[in-house]
Amino acid sequence: MQAKTPEQSKTILTDMVLPGETNPLNNLFGGELLARMDRAASIAARRHSRHIVVTASVNHVAFSKAVPLGSVVTVEAKVSRAFNTSMEVFIDVWIEDRISGARTKANEGIYTFVAVDDVGKPVIVPEILPETELEKQRFEAALRRKQLSLLLSGKMKPHEATELKAFFM
């Protein structure tokens, strides 16, 4: 199985925020944004694995900036690291200024997907070969996030979390 770059999984979804998608403050509902992020991330994971993928977890979401009614929102997703059958997908959310066209980062998230066959059994996925400095940073951090998640869930013992130990030493 040939390794792939994050760029090969890149998925970009662009849409406008409509009135039925907003809260009483006329900002995009958080759940609506999560759904858009999940769709983009699942496409990225499928592009990487070339298999059916299922959302395993939403590891992190930062709602840093409100997304107002009428905004043009772009959700960009790339696989940041592939493990055995799972993939971490990093999602960046951008708002486009209506007048200047300048983009501002509004939110980000990290989701985990598992590739499965037609009956739902996990399948092996290709490795990731990060190219850019940002891709390399996200790739390295993904292992720490995975170890922290396994540690907190009791699936890994503290002495086995080598990446986390190195982080504190």
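Predicted model: local features only at pLDDT ≥ 70, side-chain atom pairs only at ≥ 80, totals over all residues.

Me: How many bridges join E3 to E4?

Reply: There are 10, between strand E3 (residues 72-82) and strand E4 (residues 86-96), and the two run antiparallel. Another pair in there is valine 79 with valine 89 of E4. The two strands make a hairpin, with 3 residues between them.

Me: And how many bridges join E4 to E5?

Reply: 11, again with the strands antiparallel. E4 and E5 form a hairpin too, this one with 6 residues between the strands, and glycine 101 has a positive phi near 85° there.

Me: What holds paired strands together, in general?

Reply: Backbone hydrogen bonds, whether the pairing is parallel or antiparallel.

Me: Zoom out a bit. What's the strand order in the sheet?

Reply: E1-E3-E4-E5-E2, with antiparallel pairing, and the sheet of 5 strands is open. At its edges sit strand E1 (11-16) and strand E2 (52-63), each of them pairing on one side only. On average, neighbouring strands are turned by 25° against each other, ignoring direction.

Me: Is E4 mostly covered or mostly uncovered?

Reply: Mostly covered. Of its 11 residues, 9 are buried.

Me: What about the chain as a whole, what share of it is buried?

Reply: Buried residues account for 39% of the 169 in the chain.

Me: Changing topic: which residues lie nearest the centre of the second largest pocket?

Reply: Glu76, Lys78, Asp92, Leu134 and Arg138, out of 15 lining residues.

Me: How does the lining divide into nonpolar, polar and charged?

Reply: You get 7 charged, 6 nonpolar and 2 polar residues.

Me: How much space is in there?

Reply: About 220 Å³ in that second largest pocket.

Me: Next up, isoleucine 128. Where does it lie?

Reply: Isoleucine 128 is in the loop between strand E5 (103-116) and H2.

Me: A loop residue, then. Is isoleucine 128 buried or exposed?

Reply: Buried: its relative accessible area is 4%, and anything under 20% counts as buried. The C-alpha atom of isoleucine 128 is 5.8 Å from that of alanine 82, although the two residues are 46 apart along the chain.

Me: Last bit, the overall layout. How many helices and strands does the chain have?

Reply: 3 helices and 5 strands. Starting at the N terminus, the elements go β-α-β-β-β-β-α-α.

Me: And what's the radius of gyration of the chain?

Reply: 17 Å. A compact globule of 169 residues would come out near 15 Å, so the chain agrees with that. Along the principal axes, the C-alpha atoms fill a box of roughly 50 × 40 × 30 Å.

Technical notes
Residues numbered from 1 in each chain as written. Heavy atoms only, no water. Pairing = 2+ DSSP bridges. Helix = DSSP H or I, 4+ residues; strand = E, 2+ residues; numbered from the N terminus. Axes fitted to C-alpha atoms, helices over the stretch in contact; angles between N-to-C directions. 1 Å grid on protein atoms, 1.4 Å probe; cavity = no way out; pocket = protein on both sides within 12 Å on 5 of 7 lines; lining within 4 Å. Points joined across faces, edges and corners; volume = space filled by probe spheres on them. Nonpolar A, V, L, I, M, F, W, Y, C, P; charged D, E, K, R; others polar. Rg over C-alpha atoms; globule rule 2.2 N^0.38 Å. Buried < 20%, exposed > 50% of the residue type's maximum accessible area, 1.4 Å probe, protein only.
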